[in-house]
Amino acid sequence: MDSSGARDYFVDLQARIVTRLEAIDGAGFGRDVWERQGGGGVTCVIEQGQVFERGGVNFSHVRGGELPASATAARPQLAGRAFEVMGVSLVLHPRNPYAPTVHMNVRLFVARSRAGEAVAAPSAQPVWWFGGGMDLTPYYGFEEDATHFHRSCRDALSPFGADYHPRYKSWCDEYFFLRHRGEPRGIGGIFFDDLCEGGFAHCFALTRSVGDHFLPAYEPILGRRKDMPYGERERDFQAYRRGRYVEFNLVYDRGTLFGLQSNGRAEAILMSLPPLAKWRYDWRPAPDSPEARLYTDFLRARDWLEA
C-alpha cells in the first residue's frame, strides 16, 4: 500500500474541479491553506458567486492518535488505533432553485498500530479502506437530470464489475435517508465505504473513477438549470428543502461526525451547510403543484436507469 499516490491524486482532483467550477461561475474560490497538529489541508470556498450561493471543495490529510467512535462503529476491532485519513469532499449549493445541490467525496482511511503496540504484532498491521460517492439533491425535479446523473454513476463503476452499481446505488438510498422524517434527502446516486476487496490498486482505481466522473455527472445538469427564471416562491421552497439538508448533515452524516469527533476544523467541516434555510411547522405542498411533484415523483427510491 502506497498512500502517497492517493494523496497526489486527491490534490490534483481538487485543483481540477475548482478550476472548472470557477470557469462556470465567473468568480474565484477563496483558498485557505490550514495546518494543525497531525496534518492539514486546503479549503476552497465560494460564497455569493454568480452561480453558486455557496460551494466548497476541500482537501484534507490528517493523522490522529485514536480513531473516533464514528469510524469504528462498523469495525470495533480497530478501536484505539491511530489513524490517517485523506480525501476530497465537496458540496455545491447553487443560487437558482432549479439547479440541484450536489455532494461528492472520495477518501482513504488507514488504521495503524495502537500506542505502545509492537509494530510486528498481527493486530498492529495497517488496515486500509476507501470510501466515497456522490448524490444529487434537487428542489424541483427533472427526469432527464436524474437519469443523466445515475447513468454517470453507473459509468463510473461499470469497468470494475456489474455488481458494484446496484449495491452502491442501494447503499446510497439507504444512507441518505432522514429516518426522523421518513424521506430521502434527495434522489441518491452512489455511496460506498469499507472498500478493500480486490486489493489496493483495484480499490484505488474505482475511487479515482468516481472522482473523475463527478464533473461529467453534474456539469450538464447545472448548465441546463442555472439560468432558468425563478421567483420568490421557488426560493422559499428551496430554503425549506435546504432545511432537510441541514438536518441530515448535523444528525446523521458520518463525515461531519468524524470531523467534529476528531477535533477537526469546524469551518471546513460545516461549509457543507447552505447559507440560507427555513423551517415551518407541519407544512405541506399544494396538491398537484411542482413542489408536491418533488415528493411524489422524486423523493423515493427509483431505478433511474430505466427512466
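Two strands count as paired here if DSSP finds at least two bridges between them, and helices (H or I, at least four residues) and strands (E, at least two) are DSSP runs, numbered from the N terminus. With that in hand, take strand 4 and strand 5: they form a hairpin with six residues between them.

Before going on, some ground rules. This is a predicted model, so local features need pLDDT of at least 70 and side-chain atom pairs count only at pLDDT 80 or more, while totals for chains, interfaces and linings use all residues. Residues are numbered from 1 along each chain as its sequence is written, and side-chain values use heavy atoms, with hydrogens and water left out.

**The whole chain**

The protein chain comes to ten helices and nine strands. Its radius of gyration is 19 Å, close to the 19 Å that the globule rule gives for 307 residues, so the chain is as compact as a globular protein of that length. (That radius is taken over C-alpha atoms, and the rule is 2.2 Å times the number of residues to the power 0.38.) Along the principal axes, the C-alpha trace spans about 65 × 40 × 35 Å.

Of the 307 residues, 54% count as buried; buried means under 20% relative accessible area, exposed over 50%, and partly exposed in between, with a 1.4 Å probe and protein chains only. The chain exposes about 13,200 Å², and carbon and sulfur atoms supply 53% of that area. Accessible areas come from the Shrake-Rupley method with a 1.4 Å probe, and for residues only the protein chains shown count as cover.

**Strands side by side**

| Strand pair | Bridges | Facing residues |
|---|---|---|
| Strand 1 (residues 30-36) and strand 2 (residues 39-47) | seven | Val33 and Val42 |
| Strand 3 (residues 52-64) and strand 4 (residues 83-94) | twelve | Gly55 and Leu92 |
| Strand 4 and strand 5 (residues 101-111) | ten | Leu92 and Val102 |

**Some buried spots**

Gly131 lies in strand 6 and is buried at a relative accessible area of 1%. Leaving out residues up to four places away in sequence, Gly131 touches Asn105, Val106, Arg107, Phe192, Asp193 and Thr207. Gly141 is ten residues along the chain from Gly131, and their C-alpha atoms are separated by 28 Å.

Compare that with Tyr140, found in the loop between strand 6 (127-137) and helix 3. The C-alpha atoms of Tyr140 and Ala292 are 9.4 Å apart, although 152 residues lie along the chain from one to the other. Tyr140 is buried at 5%, and its contacts beyond four places in sequence include Pro97, Tyr98, Arg233 and Phe237.

Ile187 is in a loop as well, between strand 8 (183-184) and strand 9 (188-195), and is buried with a relative accessible area of 5%. Among the residues that Ile187 touches beyond its sequence neighbours up to four places away are Leu136, His150, Phe298 and Trp304.

What does Ser152 contact, leaving aside neighbours within four places in sequence? Ser152, in helix 3 (residues 143-157), is in contact with His213, Pro216 and Ala217. Ser152 counts as buried because its relative accessibility is 7%.

Asp194, in strand 9, has phi near 55 degrees, a positive value in a residue other than glycine. Asp288 has phi near 65 degrees, and its place is in the loop between helix 9 (266-269) and helix 10 (290-298). Buried, partly exposed or exposed: which is Asp288? Asp288 is exposed, with a relative accessible area of 81%, whereas Asp194 is partly exposed at 28%.

Note on methods
Contact means heavy atoms within 4.5 Å.
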